[in-house]
Amino acid sequence: MKKVLLLLVVLILAGCSGLGSAVKKGDIAPQFTDTKVDSKYLWVRGFGAANPAHTSASQRKIMSREAAIAHGYQRAAEYIYGAGIVANVHIKDAVSENSTIDNTVKGLVKGMEVFGTEYMKDDGCAVIMRLDLKKLASAGITLEENK
């Protein structure tokens, strides 16, 4: 009975989050949504990989969560302010030898909150973060809903 109740709570929270789970059976799901704007929030997902050099599972999980949160902030800034992309491809004998893409984003994102955290079986982490649209509106930024 407790397992059924726990499953119901998880499903309800996932449905309310604006973003469903990105973790299936301990791995990254084959399909998921990274960013969404609803009537109240900007929702973003961030991922962080665990460093296999860390011998403690706790350290791997803590550090992958911190990386996932930083990635979530990056996603939010890219969505709000856009991103600058510089791409270079070197072709020799009709074959790409070297390809680089640099992504730059600059902006202040204040007031985000971590809504959910999921760990993968390799101790990597996915977080769901949200930013209240009222906070953006008070800074003069409006986003359109994309249900």
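Is Asp34 buried, partly exposed or exposed? Asp34 is partly exposed, because its relative accessible area is 23%. Here buried means under 20% relative accessible area, exposed means over 50%, and partly exposed is in between, with a 1.4 Å probe and protein chains only.

This is a predicted model, in which local features need pLDDT of at least 70 and side-chain atom pairs count only at pLDDT 80 or more, while totals for chains, interfaces and linings use all residues. Residues are numbered from 1 along each chain as its sequence is written, and side-chain values use heavy atoms, with hydrogens and water left out.

## Overall layout

The protein has three helices and eight strands. Read from the N terminus, the order of the elements is α-β-β-β-β-α-β-β-β-β-α. Helices (H or I, at least four residues) and strands (E, at least two) are DSSP runs, numbered from the N terminus.

Of the 147 residues in the protein, 30% are buried. A contact means heavy atoms within 4.5 Å. Among contacts in the protein with a separation of 6 or more, 60% are between residues 24 or more positions apart.

## Salt bridges

Side chains of opposite charge can pair when their charged atoms come close. A salt bridge is counted when a side-chain nitrogen of Lys or Arg is within 4 Å of a carboxyl oxygen of Asp or Glu. The whole structure holds four salt bridges. The table gives some of them.

| Asp34 | Arg75 | 2.5 Å |

Asp34 forms a salt bridge with Arg75. Asp34 is in the loop between β2 (27-28) and β3 (35-37), Arg75 is in helix α2 (residues 57-81), and the two are 41 residues apart.

Asp123 is buried, with a relative accessible area of 9%. Arg60 counts as buried too, at 18% relative accessibility.

Arg130 is buried at 15% relative accessible area, whereas Glu113 is partly exposed at 36%.

## Rings and charges

Rings of Phe, Tyr and Trp (its six-membered ring) pair if their centres lie within 6.5 Å; planes under 30 degrees apart count as stacked, over 60 as edge-to-face and the rest as tilted. The structure contains three aromatic pairs. One of them joins Trp43 and Phe115, edge-to-face, with 5.1 Å centre to centre and 85° between the planes. Trp43 is in strand β4 (residues 41-48) and Phe115 in strand β7, 72 residues apart. Trp43 counts as buried, at 1% relative accessibility, while Phe115 counts as partly exposed, at 29%. Tyr41, Trp43 and Phe115 form one aromatic cluster.

A charge sits over a ring if NZ of Lys or CZ of Arg is within 6 Å of the ring centre and within 35 degrees of the ring normal. The charged end of Arg130 sits over the ring of Tyr41, 4.2 Å from its centre. Lys61 lies over the face of Tyr119, at 5.5 Å from the ring centre.

## Helix α2

What span should the 25 residues of α2 have? At 1.5 Å a residue they should span 36 Å, which agrees with the 36 Å between the end C-alpha atoms. The expected span of a helix is 1.5 Å times one less than its number of residues. Buried residues of α2 include Arg60, Ser64, His71 and Arg75. The buried residues of α2 pack against β4, β7, β8 and α3 (133-138).

## Gly111

Gly111 lies in the loop between β6 (95-104) and β7. At 29% relative accessibility, Gly111 counts as partly exposed. Leaving out residues up to four places away in sequence, Gly111 touches Arg130, Leu131 and Lys135. The C-alpha atoms of Gly111 and Asp132 are separated by 7.8 Å, and these residues are 21 residues apart along the chain.
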